[in-house]
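Please open the structure in the viewer and keep its sequence at hand.

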Amino acid sequence: MTVIVLNTTYEPLHTVSVRHAITMLWRGVAAVVEEGPEMFGPMPRPKVLILTRYVKTVWKYARRKTGRATYAHGTKVTRVEADPLATYTREGVLLRDHGQCAYCGQPTATTMDHVLPKSRGGATSWENAVAACAYDNWRKGDRTPEEAGMPLLWEPFIPTVYDLTWR
């Protein structure tokens, strides 16, 4: 069970476990927006939290320059991509894949898996990371998808900022 965490502007940031949400409430860094009918110990289980202080989300809006600077008529001209590319984060990988496991397709992905394991020289990058459920991530282990007999359902790609917006 997960809890949605909103920024002070009601912009969704990420999801956390119920246990982590209770800790956030106890520390006073968040307040409950919506509760579920279930109980978590002596209190109702929170569904949505809002932070008490604004958190800057720089990774969502990072721009990357592409190409080299050129000079036209004595002025420096730099080409920037129309859709800014997102900065790599674990949460970004889960958002890009919509919480779906890249191996079984179930919407239960909570972990990030390196397609080519880091122990074999795999990079921590958009092209080498996919969302995976805990079971499939454990089952694949330190092998490539081909060695594990677990083909990818889609190829990882570098998303733009707009690909990572809340849907």
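Begin by selecting Thr 89, which is buried, with a relative accessible area of 16%; buried means under 20% relative accessible area, exposed over 50%, and partly exposed in between (1.4 Å probe, protein chains only). This is a predicted model, in which local features need pLDDT of at least 70, side-chain atom pairs count only at pLDDT 80 or more, and totals for chains, interfaces and linings use all residues. Residues are numbered from 1 along each chain as its sequence is written, and side-chain values use heavy atoms, with hydrogens and water left out.

Thr 89 is situated in the loop between β6 (75-77) and α2 (90-96). Helices (H or I, at least four residues) and strands (E, at least two) are DSSP runs, numbered from the N terminus. Display the side chain of Thr 89 as well: it reaches the backbone nitrogen of Gly 92 at 2.9 Å.

Now show the whole chain as a cartoon. Four helices and eight strands make up its secondary structure, and from the N terminus on they run β-β-α-β-β-β-β-α-β-β-α-α. Of the 167 residues in the chain, 39% are buried.

Next, select α1 (18-27). Which residues of α1 are buried? They are Val 18, Ala 21, Ile 22, Met 24 and Leu 25. Seen down the axis of α1, these buried residues fall within an arc of 160 degrees, so they line one face of the helix; the arc is that of the directions from the helix axis to the C-beta atoms. The face turned away from the buried side of α1 carries the exposed residues Arg 19, Trp 26 and Arg 27. Gly 28 follows α1, and its phi is positive, near 85 degrees.

Val 18 is in contact (heavy atoms within 4.5 Å) with Met 1, Val 3, Phe 40 and Arg 45, leaving aside its neighbours within four places in sequence.

Then select the largest nonpolar core, which has 12 residues in all, including Val 3, Leu 13, Ile 22, Ala 30 and Leu 51. Such a core is a set of buried Ala, Val, Leu, Ile, Met, Phe, Trp, Tyr and Cys residues joined through side-chain atoms within 4.5 Å. The largest share of this core, five residues, comes from α1.

Finally, select Tyr 103, Val 130, Ala 132 and Met 150, which belong to a second, separate core of nine residues.

Definitions and conventions
A polar contact is a pair of N or O atoms within 3.5 Å; within protein, one must be able to donate a hydrogen and the other to accept it, and residues adjacent in sequence count only if both atoms are side-chain atoms.
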